[in-house]
Amino acid sequence: MRLSEAIHIFRELELKMSEAYLWCSVNFEDYELRRFFTEMTDTELAHARALEALAGKPEAANLSIDLPPD
């Protein structure tokens, strides 16, 4: 698998987790829990942006890595 393909998969996972944390931040009534999950949402989005930036590097397009499909 090429690194760019793996990065795409990891980015999608980060975005899904961000969505899950956002759902939690909206649905909990406790302020501290809402704040915690909002921070987690922001962190996951930052990870996704970092992975997107990495995927744009020329080195990522050509590098193969050995990742199990599961």
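**Salt bridges and a nonpolar patch**

E12 and R11 form a salt bridge, with their closest N and O atoms 3.3 Å apart. A salt bridge here is a side-chain nitrogen of Lys or Arg within 4 Å of a carboxyl oxygen of Asp or Glu. By this rule the count comes to 3 salt bridges. The model is predicted, so local features need pLDDT of at least 70 and side-chain atom pairs count only at pLDDT 80 or more, while totals for chains, interfaces and linings use all residues. Residues are numbered from 1 along each chain as its sequence is written, and side-chain values use heavy atoms, with hydrogens and water left out.

- E12 is partly exposed, at 31% relative accessible area; the term covers the range between buried (under 20% relative accessible area) and exposed (over 50%), with a 1.4 Å probe and protein chains only.
- R11 is also partly exposed, at 22% relative accessibility.
- A salt bridge also links R11 to E52, where the closest N and O atoms are 3.3 Å apart.
- E52 lies in helix α2 (residues 31-55) and R11 in helix α1, so this pair ties together parts that are 41 residues apart in sequence.
- Helices are DSSP runs of H or I with at least four residues, numbered from the N terminus.
- E52 counts as partly exposed because its relative accessibility is 45%.

**The pair within helix α2**

- R35 forms a salt bridge with E32, and their closest N and O atoms are 3.0 Å apart.
- R35 and E32 are 3 residues apart in helix α2, so about one helical turn separates them.
- R35 is partly exposed at 40% relative accessibility, and E32 is partly exposed at 43%.
- Salt bridges that share partners join R11, E12 and E52 into one network.

**The nonpolar surface patch**

- M1, I9, F10, L13 and L67 make a nonpolar surface patch of about 410 Å².
- Patches are made of residues with over 30% relative accessible area and no salt bridge, where like charges are joined within 9 Å and nonpolar side chains (Val, Leu, Ile, Met, Phe, Trp, Tyr) within 5 Å.
- Accessible areas come from the Shrake-Rupley method with a 1.4 Å probe, and for residues only the protein chains shown count as cover.
- M1 is found in the segment before α1 (3-27).
- M1 counts as partly exposed because its relative accessibility is 38%.

Terms used
Helix = DSSP H or I, 4+ residues; strand = E, 2+ residues; numbered from the N terminus.
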